[in-house]
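Dear colleague,

Please find below the structure that I am handing over to you. My findings follow directly after it.

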Amino acid sequence: MIEAVIFYISAAVMIVSSLMIALSRNIVHAATWLLGTLGSAALLYFLLAANLLAVVQIIVYAGGILILIVFGVMLTARNPYMRFQPKRGEVLMATLVALVIFASIAGLSLSHAWAVLPDGAAGQPARIAPVRDIGVALLTDYLVPFEVSSVLLLAVMVGAAYLARPEKR
Amino acid sequence: MFEIGVEHYLFVSAFVFAMGILVMATKRNAIGILLGAELVLNAANINFVAFGRYRVGGLDGAIAAMFVIVLAAAEAAIALAIFLNFYNNYATIDVDQADTTRG
């Protein structure tokens with residue numbers, strides 16, 4: 001019961017804020033609405049018994065990526081409230097495509113009878129994995145993607161510093 | 001109605017995914033396109049965790065979602081570096097102005 005209430009509240013926040021990102025023509029407002037989407041996604045992770053993931057979502061997304069995006073807005077706009085109007089035909093076409101995608105995915109996922117795990121059946125509390133298990137899994141079963149992502153982060157750091165370097169005089 | 005199953009999460013993530021596609025297609029500000037990409041990645045993440053909780057079990061879903069978050073952070077950093085370079089060259093962030101190589 002309490003799970004359903006929390007789910008519906010965070011789902012409503014998520015749907016409204018992602019809709020407002022699409023509707024707002026001002027990039028600062030869109031970035032602010034993104035905070036609602038990311039926060040309600042963290043709530044959904046808590047409901048899905050992925051506690052560490054919810055905390056990582058808040059730290060990395062709300063603390064890192066959102067700040068980066070706001071910095072990008074401030075660095076690339078002479079006037080932060082400037083707006084670019086897309087063409088009317090483009091908006092119509094894109095809305096049609098988004099509606100078709102949403103209707104097909106949502107219809108498929110609602111019409112299919114998903115077989116669930118015996119202990120993961122709806123209405124029963126899930127087992128919350130301790131953080132220690134996640135750390136052990138990252139360094140044993142998932143060691144290769146873990147190391148690959150560390151190399152990726154190094155490449156991204158070098159690449160971002162190279163791309164954003166000041167112009168040579 | 002009060003039993004939350006995997007299909008509830010799939011419905012929410014389908015909506016967020018469609019909104020991400022819409023944002024990527026309609027925003028002319030390059031940073032708006034980055035916001036749309038973040039929405040799409042979040043929708044995929046919710047699917048990963050929901051399937052991991054209800055159908056797969058174990059830690060697979062949560063760890064896949066964690067790697068997606070790492071990729072999203074890397075993608076945002078590189079995309080913003082590219083946008084700053086674009087702004088230096090074109091003095092605007094409107095992606096429709098980037099038509100130098102149009103045939």
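**Domains and shape of chain A**

Chain A falls into two parts, domain 1 (1-87) and domain 2 (129-169). Please bear in mind that this is a predicted model. The centres of domain 1 and domain 2 of chain A, taken over C-alpha atoms, are 23 Å apart.

Chain A contains six helices and zero strands, and its elements run α-α-α-α-α-α from the N terminus on. The radius of gyration of chain A is 21 Å, whereas a compact globule of 169 residues would have a value near 15 Å. Along the principal axes, the C-alpha atoms of chain A fill a box of roughly 65 × 40 × 25 Å. Of the 169 residues in chain A, 19% are buried. Where contacts in chain A link residues at least 6 apart in sequence, 51% of them join residues at least 24 apart.

**The largest nonpolar core**

The largest nonpolar core has 63 residues, and those touching the most other members are A:Tyr45, B:Met19, B:Ile31, B:Leu35 and B:Val49. Two or more residues each are contributed by helix H1 (2-23), helix H2 (27-47) and helix H3 (51-76) of chain A, and by helix H1 (6-26), helix H2 (30-56) and helix H3 (60-90) of chain B. H1(B) provides the largest share of this core, 13 residues.

With kind regards

Conventions: Residues are numbered from 1 along each chain as its sequence is written. Chains are lettered from A and ligands numbered from 1 in the order in which they are written. This is a predicted model: local features need pLDDT of at least 70, side-chain atom pairs count only at pLDDT 80 or more; totals for chains, interfaces and linings use all residues. A nonpolar core is a set of buried Ala, Val, Leu, Ile, Met, Phe, Trp, Tyr and Cys residues joined through C-beta atoms within 7 Å. A residue is buried if 20 or more other C-beta atoms lie within 10 Å of its own, exposed if 12 or fewer, and partly exposed in between; C-beta atoms are placed from the backbone. Helices (H or I, at least four residues) and strands (E, at least two) are DSSP runs, numbered from the N terminus. Domain bounds come from an automatic or database domain assignment. The radius of gyration is taken over C-alpha atoms; the globule rule is 2.2 Å times the number of residues to the power 0.38. Two residues are in contact if their C-beta atoms, placed from the backbone, lie within 7 Å.
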